[in-house]
Each structure stands twice: as C-alpha cells, then as structure tokens.
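Here are my notes for your first look through this structure. Please keep the 3D view open and follow the points in order.

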Amino acid sequence: MTTPPFAQRPSKALIIGLVVSGMLALAVLAVMLASGGPVGFGLSALLALAPLPVLLAAVLSLDRLEPEPKLHLAFAFAWGAGVAIVLGVALTVLGQQLFTRAGYDLKLVDDLGTVLLAPLIEEALKGAALVLLLRRRREIDGLTDGIVYASMAGLGFAAVENVGYYLLAFQADGPQGAVQLFVVRGLIDPLGHPIYTALIGVGVAYALTRRSPIRYAAIPLGYLGAVFLHGLWNGAATTGSLQLLGIAYLVIMLALIGLIVVTVAERRQLVAKMGFYLPAYQETGLVTAADVRMLTTLPARKAARKWARRAGLGQAMSDYQQAATELTLLHLRAEREGADPVRFAVERDSCLGAMAHARRW
C-alpha cells in the first residue's frame, strides 16, 4: 500500500509538547480538586465539559474537506488547556503585582488584570500554538486550517478556565451560583475563546499562504483583533451592564459570522480548483469525468459518500476524496510557493497511490 502524504510521522517535539501540555493541564485540575473539594470540583468539571463535545464537533466540522492530523489538533487543544493556562495565570498575577507595587488601587489593579493584562497575555499564549506549528507549515494550507488550530487552542483554554470559574462561583454561592455562571459562559458565550484566537489563526494562515510582501503583518493584526474582542467582552462583564454585554456579544457574533464566511468561501474555492487540476490525471484511469463532477461540488461529494456507505465503500470513498483534495492542495502549494520537481513528483505519486488504493468503483 502506498503511504498517503497526509500520514506523516509525528515529530518528537510535537509529542513532547503534547505530553508536557497535558501534564500541566492535569496538574492545574489537581490543584483545583484539592482546593475546591470533590463535590465542588465534580460539579464544576461537569459543567465545563458538558458543552465541549458539541463545540469540538462544530470546530471540526469546518475541517471535513481536508482533515488535519489528529495529533496536531490534540497538541493545539492541550497547549491551550495546559501551557497557556499556567503561564497565563502566572504572568497576569505578576503583572497585577507590578501595578500594585506602583501604588495603584486594588480595584483598579483587578480591573486592569481582567480587561487589559488577561487579553494581552492569554491571546499571545494561545496564539503561540500556531507559531509552534509553523514548523509543520505544509499542514496549514488555507485560512480554515488556521481557524481550526486556533479554535482548538481556545477550546482547551476555555475548558480548564471554566472549571476554575465555576468552582469559584460554587464556593461563593453554592451549586446555584455555578449553574448561573454556566448559563453565561457555557450556553450564551461558549465560543468566546475560540473566536478570539481564531483571528490569530487567520493572520498566521494568511502569512503562510499569500505572496504579498506585507503578508506577515497579518499576524500582529490578528493578535490585536483577538485582544480587542477578548478585552471588549471582559470589559463589558466587569461593568455588569447588560447593554454593554449585549453590544460586546453582538460584535463577537459578527466576528463569528465573518469566520464562517471565510471557511465556506475557501471550501468552495478549493473544490472548484479540483475542476482545474484533476482532469489532467484522467489518463491515469484514477480520475474520470464523473469523478471530477463528483469532487468539484460539496453536495456531490456528500451524495457520493452516502452512496458509498450503502455499498460498503464508505471509508474508501472518504479516502479517495481526501487524497484527491491533497493532490489539489499540492498543486496549489506549488503554484503559490514553487516546488522542487523531484519532491513534487514524489508527493504527487503518493497521492495517486492513495487514490488507486481507495478507488474500488
């Protein structure tokens, strides 16, 4: 069997990063358990984890056309839940101490930590997951990839952070307080952190997939956008004004709509590109005119998978579609960045081999 190009051997650095981040996340949760007790911690963890399967499914649904490696996604999630949480808390507390020593009022210091320091520090740390993945730059083929990785880091961060917030509410007002806070953080605004950090993901992905000489300016712009949204929500929450919270929520939802528009437009553009590149491979017998028609529209791809499942070929059809997508992305990368002819031929043949292995109709 020919090994598909999307089955790369994970790097040692990635595995180490995943393990370290996971251990830090567990350490944070252990501290919460010790300080809050099994009842409070159990309820808080349950509330924090309850919406997570739906949120993960929503983010990963953006990634169906060209799924990212599971280990990379796990790393981004664990980084947000572990490294970003630990360093975020430590650096925010350190910053607040500096303001306190400078003679600022404690209430002002607390507000500065919430509205200014936390957004600046937390978004930088969550976004660092994208920067670390730059070494695996072939995994980021478009803006959607950047959105998915950044959102996974945001979800990891939010999951652990929410346990802490719910636990504080439980200690102050009992189960009712924790549930009331869950309504706001878990039901009304569950996608806050993923949306903020997704702007950094867009910036990183834009810098990697464009040729403009100022493309790297997109990274700090994305970071500033993330800090703005994060600070806007925290600031509105600090005032306690329902009107300001409503305005902040509206702005964040507009950002979410913009991110969805980007992913939908990019997905349609990619499948359309298949109609340009794939007909050249008809002479191999691996791509027919009917296959091209099937691959170049999202409804046709979905219908083909449905037919294949009924025929007992569901996994084969998914593998074929993914390999054809990877082949198209290979051409797009070569068009965008240039490519060594030998490496291009090896990766092209790997894609074709995967298509040959999967095609049974």
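**Notes on the fold, the cores and the surface**

1. Starting at the N terminus, the elements of the protein chain read α-α-α-α-α-α-α-α-α-α-α-α-α. That makes 13 helices and zero strands; helices (H or I, at least four residues) and strands (E, at least two) are DSSP runs, numbered from the N terminus. The radius of gyration is 23 Å, close to the 21 Å that the globule rule gives for 361 residues, so the protein chain is as compact as a globular protein of that length. Here the radius is taken over C-alpha atoms, and the globule rule is 2.2 Å times the number of residues to the power 0.38.

2. Before going on, please note that this is a predicted model, where local features need pLDDT of at least 70 and side-chain atom pairs count only at pLDDT 80 or more, while totals for chains, interfaces and linings use all residues. Residues are numbered from 1 along each chain as its sequence is written, and side-chain values use heavy atoms, with hydrogens and water left out.

3. Now look inside. The largest nonpolar core has 57 residues, and Met32, Tyr149 and Ile195 have the most contacts inside it. Helix α6 (residues 143-188) gives the largest share of this core, 16 residues. Apart from it lies another core of 30 residues, including Met317 and Cys351. A nonpolar core is a set of buried Ala, Val, Leu, Ile, Met, Phe, Trp, Tyr and Cys residues joined through side-chain atoms within 4.5 Å; buried means under 20% relative accessible area, exposed over 50%, and partly exposed in between (1.4 Å probe, protein chains only).

4. What does Met32 touch, not counting residues up to four places away in sequence? Its partners are Gly37, Phe41, Val160, Val163, Gly164 and Leu167. Contact means heavy atoms within 4.5 Å.

5. Ala169 is found in helix α6. Is Ala169 buried or exposed? Ala169 counts as buried, because its relative accessible area is 12%. Leaving aside neighbours within four places in sequence, Ala169 is in contact with Gly174, Gly177, Ala178 and Leu181.

6. Finally, compare Leu91, which is found in helix α4 (residues 83-101). Leu91 counts as partly exposed because its relative accessibility is 39%.

7. Along its principal axes, the C-alpha trace spans about 75 × 45 × 40 Å.
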